[in-house]
Amino acid sequence: MPDIKSKKLKRVDLIFAEDCNYKEVLKKTLNRSRDEVVQEILDSGLRGRGGAGFPTGLKWKFTAQEESDEKFVVCNADEGEPGTFKDREILLKVPFKVFGGMAVCGYVIGAKEGYVYLRGEYEFLKEDIQKQIDHFHKTLDDLGLDFRIKLLLGSGAYICGEESALFESMEGKRGEPRNKPPYPTQNGFRGKPTVINNVESLVYSLMICDLGAQKFQELGTADSRGSKVFSISGDTPISGIYELELGMSLAEFVEEFGDGDTKAVQVGGAAGFCVPRKKFNDTIIGFEGVPTGGSMMLFNSSRSMYNVLKNYVEFFREESCGQCTPCRVGCQQLLKGIEAVKRGDQPTTYLQTLLKLTEVMKVTAKCGLGQSVANSFSSIVDNFKEEMIY
Amino acid sequence: MKELIKDLADQHGRTRESLLPILQGIVKKERRVSEEAMSEVARELDMSAALVYGTATFYSFLDTQPRGKYVIRLCRTITCDMKGKKEILDTLKQLLKINLGETTKDNRFSLLETNCLGWCHKGPAMLINEEAYTELTPDKVSEIIDEYMKNEI
């Protein structure tokens, strides 16, 4: 862990703040040059809030530089990471800020069409969001911006949250990730340059246009600027959605949200890392420590970490698209393996073999799903080995 | 079926990109996409039936097996599990007299599990068709099922 001083836990109110006049923000932003707006987002240090953390400004810049007759903005609202539920709340409470971020992006990169890809599990929101989109289109007409947003629905596939799988799904195909490169900035939806951003990243982009990069930069640490919306669940008396400044230590976090008996925190969902109590003090929540797309699951000492791991591996086994062998067969074997060790059919040293398998998956799996199985698997097995065996 | 698919194609278009919305429309009406429906979609969109089959079988919410009028999907993620999902599952099995993956004899309910529904702070959670139900208790589940029992099949 790098020697960086963690920050105090601080609540922030940017995303859900109701005093943002999105119309005014749009108006003043559309009056600035495209380069100026991109520079503002770059200066802010905003990194993607879906989990991977690619600088949002760079995505916009690269896509803006591409020559193409058509470009697209896609809002990734396929939030499927176990333990994440923030994007639904954002879309429900401040939809105009999401659409505003999309419109600004469309202006910057030269796209006339935007898409919101909403996970099938949230179909009950469809009519409501469609109404808000129709309303937003009127605002765009008033402002004279040629940009339209369309709502698409997923159908219960976690993998479609992976950007290239999401494009495949939008194109009516199986949601199987593509080879990268080329990246979406060159070759995205319909093979055209596309910016794909998480719901939350789009709102922050609009807020940065409103408040300026400086204000955002003042929050967080060198690697993790700004704040982030956290979805907090598990053994906590105050589960829910909280916007917090990035860079706090996990110890600070647990003091605020734990139930006094927190044994471990799974940071970043099933694809993230499990941090045990003894490492709370040295773990920073952010890109210099353990990053998260928002999912924070707390476990107290009554919980079996074997059950937690088994639940995650079952999840990956079901959600693997099956396209590449390391992920498809790897997930099956990991599940069989931990069950066999638990039953005593395999020696405890077999756990080392399984850890090696996750290392292979990390380097050979085609997309982020197969590559990230190693995160939760190794961090749980390494830190709670006895629980895997007995 | 033919008419439904034609209507959906009129509404969403006849390109490859229309395929997912059309299949979703069929499931909404029929609760599943049968092979017969897949062939009909292929004909209507003038594409290979294999392509339709490929897409239709990829997505877990596009059921290809027959399902009841109300498809119950109970969240199986660890956070719902910790809040008593098993008790909810047992209650549902008892009320409906079926096991996971099965459909009641009257074709009213199917009982399935699904991955994270995004209600981890309000678990246990389930979907009945597209409706979300959260903070479930055995009593609450009985009431919900009772309500659905009153509807005609």
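P291(A) is in contact with G51(A), G53(A), G268(A) and G286(A), leaving aside neighbours within four places in sequence. This is a predicted model. Chain A and chain B touch each other, with 30 residues of chain B in contact with 36 residues of chain A. The largest nonpolar core has 140 residues. Chain B is divided into two domains, and also holds an open sheet of 4 strands.

**Around P291(A)**

- P291(A) lies in the loop between β8 (273-276) and β9 (295-300) of chain A.
- The residue counts as buried because P291(A) has 21 C-beta neighbours inside 10 Å, and the cut-off for burial is 20 or more.
- P291(A) and R49(A) are 242 residues apart in sequence. In space, their C-alpha atoms are 9.7 Å apart.

**The interface between the chains**

- On the chain B side, 30 residues are in contact with chain A; on the chain A side, 36 residues take part.
- Four elements of chain B each supply at least two residues to the side that touches chain A: α2 (19-30), α4 (49-56), α5 (78-82) and β4 (131-133).
- The largest share of that side comes from α5(B), with 4 residues.
- By residue type, the side of chain B that touches chain A divides into 14 nonpolar, 11 polar and 5 charged residues.

- In soluble globular proteins, nonpolar side chains tend to be buried together.
- A second, separate core has 23 residues, including L89(B), L92(B), F109(B) and A132(B).
- C75(A) touches V98(A), M102(A) and G114(A), among others, when residues up to four places away in sequence are not counted.
- Further contacts of C75(A) include Y115(A), V116(A) and Y117(A). N197(A), V199(A) and L202(A) are also among the residues that C75(A) touches.

- Strand β2 (residues 113-118) of chain A is mostly covered, with 5 of its 6 residues buried.
- β2(A) runs parallel to strand β1 (residues 72-77) of chain A, and 6 bridges join the two.
- V73(A) has G114(A) in β2(A) as its bridge partner.
- β2(A) also runs parallel to strand β3 (residues 148-153) of chain A, again through 6 bridges.
- L118(A) has L153(A) in β3(A) as its bridge partner.

**The loop between α7 and β4 of chain A**

- A cis peptide bond joins K180(A) and P181(A), with omega about -5 degrees.
- P181(A) sits in the loop between α7 (163-170) and β4 (194-198) of chain A.
- P181(A) and P182(A) are also joined by a cis peptide bond, with omega about 5 degrees.
- P182(A) is in the loop between α7 and β4 of chain A.
- R190(A) is found in the loop between α7 and β4 of chain A too. R190(A) is not a glycine, yet has a positive phi of about 55 degrees.
- R190(A) counts as exposed because there are 12 C-beta neighbours inside 10 Å, and the cut-off for exposure is 12 or fewer.

**The sheet of chain B**

- The order of the 4 strands in this open sheet is β2-β1-β3-β4 (chain B), and the pairing is mixed.
- β2 and β4 of chain B stand at the edges with a single partner strand each, so one side of each lacks a neighbour in the sheet.
- From one strand to the next, the twist averages 25 degrees.
- Strand β1 (residues 70-75) of chain B pairs with β2(B) in the parallel sense over 6 bridges.
- R73(B) stands opposite L112(B) in β2(B).
- Helix α6(B) lies across β1 and β2 of chain B, and runs at about 155 degrees to β1(B).
- K97(B) lies in the loop between α6 (85-96) and β2 (109-114) of chain B.
- K97(B) is not a glycine but has a positive phi of about 55 degrees. K97(B) is exposed, with 10 other C-beta atoms within 10 Å.

**Domains of chain B**

- Domain 1 of chain B covers 2-56, and domain 2 covers 70-150.
- The centres of these two domains of chain B, taken over C-alpha atoms, are 29 Å apart.

How values were computed
Residues numbered from 1 in each chain as written. Chains lettered and ligands numbered in written order. Predicted model: local features only at pLDDT ≥ 70, side-chain atom pairs only at ≥ 80, totals over all residues. Contact = placed C-beta atoms within 7 Å. Nonpolar A, V, L, I, M, F, W, Y, C, P; charged D, E, K, R; others polar. Core = buried A, V, L, I, M, F, W, Y, C linked by C-beta atoms within 7 Å. Pairing = 2+ DSSP bridges. Axes fitted to C-alpha atoms, helices over the stretch in contact; angles between N-to-C directions. Domains from an automatic or database assignment.
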